Amino acid sequence: MFRDYFKALGDELIKACAPVKVKKSGAKATGKKAAPVPCGYDEKRMEDALSKFVPAHYTVSKESIIDPGGYSPEHVDYIIYKKVFRDMDAMMHAIPSELVYGAFFINSALTAVSLGETLTHVANMKKINRFSEQGGSGQFIPAFVLAMDMKMSYQDLKNLVLDYYVSRSLDNVFEFDIMAVVNQGIVVKDWREKRSFKILDTGDDTMQWFFILMNEYLDVEKEESLDLRRYVKETAQYREY
């Protein structure tokens with residue numbers, strides 16, 4: 001019913017991540033075409049497109065995540081969070097992990113190298129609230145990987161994903177949850193089996209199923225509510241009257 005809408009939205013993601021032609025300032029025209037640079041994507045265009053995949057009560061942003069222990073993972077492209085306070089980004093300079101419901105990782109084209117980098121970034125994000133002095137088993141934040149293209153077969157992709165996790169002996173809680181090769185295919189983590197992924201060659205239906213499956217993750221309520229006291233790190237003594 002809404003296949004065409006999400007196919008067009010997938011096309012918009014690809015355009016937002018298209019190579020950008022860059023001219024050196026002050027350079028004279030030579031008649032040669034400017035060389036394209038790798039996906040440094042149009043951040044605003046990408047954010048607008050991603051926002052259409054999530055419920056209206058969530059915000060998609062390039063803000064950082066932080067847990068009560070002070071851990072803030074790098075290389076998370078966009079987060080999906082619940083905006084509880086109007087000026088939260090200025091107030092805390094990052095979004096508390098209790099309010100983050102998902103994270104996007106953008107990959108311009110899946111290769112053996114770029115896949116490894118993306119999976120490393122995912123694993124680092126999944127460490128949120130697992131190794132802080134506060135303790136805890138971690139807060140589940142699903143990781144959604146979006147690749148604009150792929151330079152390998154689906155079987156090679158599956159083999160590389162499994163090899164990455166097995167060779168590093170990573171616990172399955174550090175794995176990504178959904179990976180979509182835009183308008184081509186989708187990779188879904190199978191939670192019923194440890195270290196198991198299903199790949200479907202979904203073609204033009206890919207982003208429709210990505211939308212449906214991703215929102216099933218976003219529909220899950222968090223077990224731990226926000227406690228702002230845990231984020232106050234300064235120690236002070238105040239006069240009491």
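Let's start with tyrosine 217: at 16% relative accessibility, this residue counts as buried, where buried means under 20% relative accessible area, exposed means over 50%, and partly exposed lies in between (1.4 Å probe, protein chains only). Please keep in mind that this is a predicted model, in which local features need pLDDT of at least 70, side-chain atom pairs count only at pLDDT 80 or more, and totals for chains, interfaces and linings use all residues. Residues are numbered from 1 along each chain as its sequence is written, and side-chain values use heavy atoms, with hydrogens and water left out.

So, which rings pair up? A search of the whole structure finds 15 aromatic pairs. Rings of Phe, Tyr and Trp (its six-membered ring) pair if their centres lie within 6.5 Å; planes under 30 degrees apart count as stacked, over 60 as edge-to-face and the rest as tilted.

One of them joins tyrosine 58 and tyrosine 101, a tilted pair with 4.9 Å centre to centre and 35° between the planes. The two partners are 43 residues apart, with tyrosine 58 in the loop between helix H2 (43-51) and strand S3 (59-61), and tyrosine 101 in strand S7 (residues 100-107). Helices (H or I, at least four residues) and strands (E, at least two) are DSSP runs, numbered from the N terminus. Tyrosine 58 is buried at 8% relative accessible area, and tyrosine 101 is buried at 7%.

Back to tyrosine 217. Its edge-to-face partner is phenylalanine 144, with 6.1 Å centre to centre and 70° between the planes. This pair links distant parts of the chain: phenylalanine 144 is in strand S8 (residues 143-147) and tyrosine 217 in helix H6 (residues 206-218). Phenylalanine 144 is buried, with a relative accessible area of 0%. Both rings belong to a cluster linked by ring pairs, whose members include Phe2, Phe140 and Trp191.

Trp191 has another neighbour to show you: lysine 189 lies over the face of tryptophan 191, at 4.3 Å from the ring centre. Here, a charge sits over a ring if NZ of Lys or CZ of Arg is within 6 Å of the ring centre and within 35 degrees of the ring normal. Likewise, lysine 62 lies over the face of tyrosine 78, at 4.4 Å from the ring centre.
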